Amino acid sequence: MRSRRRVVIAIVPSLVLNVLVHSGHAWEEGAHTLITSDAVRMLPDPLRAKLQGELASVWTAGVIESAEGYDRLYLGALRGTAPDGAGADAALERFARRAEGMLTAGESLRDVVFVLGKAARIIQDLNVPLHTVWGETVEEHGAYERRAYFHDWPDRGQGYRGFHLVESYECFAFETARRSYGLVSFALWHTPPRRVIKETWDHAVNDTINLWLSIFYRSLGAEKSRDLYAIPSPLEEIGHASSCQRPTTPAR
Ligand SMILES: [Zn+2]
């Protein structure tokens, strides 16, 4: 009886862990915090000062708390049949719109930044190739996310490519997922190529900055965004409605 109980005690945590790894929206929290730190460093000065200073713990809390309420964005299946959607597109839209509404209503930056953290995590997660497919194993998923850290951003050829205004948050989610979906086969390698890790990390940082600046720009308008936060005019638009179409080709 006692040994049986010991077996049960051993199995339950591993089941819980498997469920967490499988449905969890990793990268693990450390990766999200690092990616967001990289993004914060590139923000216009007035925002950077606040987000590196008094509000650092606020966006960190948002990034860490964000996981509930969505589960990736399935574009293809490695095994079996991919379910439809999984909510990351709708969740990104919801959090970004909430942050916009709070800015428009003049709520405190502290409260807005918490929601910005939640939104950031979603767009970062969509840069993980395995978050766009159905049917990978827990081991495959965990193996990629444990290795996909990049501590030297910006590396040569990387860095912030300037403000790209998000037209539709939902379609931005699709656009991001479609880009990382193209890297699925590399993410399944036993040791994922360094260049893939660097590329997804670089995109995750750029996407986070563009998402945040878009939220300010779209809610406050060009003039107020510039006067209050030194947010420049956008170079281009991203997240067009055409990005919302699902790809029709299988992952591999
Ligand atoms: Zn994951």
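What follows is a description of the packing of H2 and H4.

Reply: The model is a predicted one. Its chain contains ten helices and four strands, and the order of elements from the N terminus is α-α-α-α-β-α-α-β-α-β-α-α-α-β. Of the 252 residues, 42% count as buried. Among contacts in the chain with a separation of 6 or more, 81% are between residues 24 or more positions apart.

Now to the pair itself. Two packed helices are described by the angle between their axes and the distance between the axes. For H2 (residues 29-41) and H4 (residues 56-65), the angle is about 140° and the axes are 10 Å apart. Angles over 145 degrees would count as roughly antiparallel; H2 and H4 are therefore oblique to each other. Their crossing is right-handed.

On the H2 side, the residues in contact are Glu29, His32, Thr33 and Thr36. They meet Trp59, Thr60, Val63 and Ile64 of H4. Sorted by class, this contact comprises three nonpolar, four polar and one charged residues.

H4 can also be viewed by burial. Its buried residues are Val58, Trp59, Gly62 and Val63. These residues lie on the same side of H4, because they cover an arc of only 135° around the axis. The partners of this buried set are H2, helix H3 (45-52) and helix H6 (109-125). Trp59 and Val63 are among the buried residues of H4, and both also belong to the contact with H2.

How values were computed. Residues are numbered from 1 along each chain as its sequence is written. This is a predicted model: local features need pLDDT of at least 70, side-chain atom pairs count only at pLDDT 80 or more; totals for chains, interfaces and linings use all residues. Axes are lines fitted to C-alpha atoms, for helices over the stretch in contact, and angles run from 0 to 180 degrees between N-to-C directions. Helices (H or I, at least four residues) and strands (E, at least two) are DSSP runs, numbered from the N terminus. Angles under 35 degrees count as roughly parallel, over 145 as roughly antiparallel, 65 to 115 as roughly perpendicular and the rest as oblique. A crossing is left-handed if the near helix is turned anticlockwise from the far one by less than a right angle, and right-handed if clockwise. Two residues are in contact if their C-beta atoms, placed from the backbone, lie within 7 Å. Ala, Val, Leu, Ile, Met, Phe, Trp, Tyr, Cys and Pro count as nonpolar, Asp, Glu, Lys and Arg as charged, and the others, Gly among them, as polar. A residue is buried if 20 or more other C-beta atoms lie within 10 Å of its own, exposed if 12 or fewer, and partly exposed in between; C-beta atoms are placed from the backbone. The arc is that of the directions from the helix axis to the C-beta atoms.
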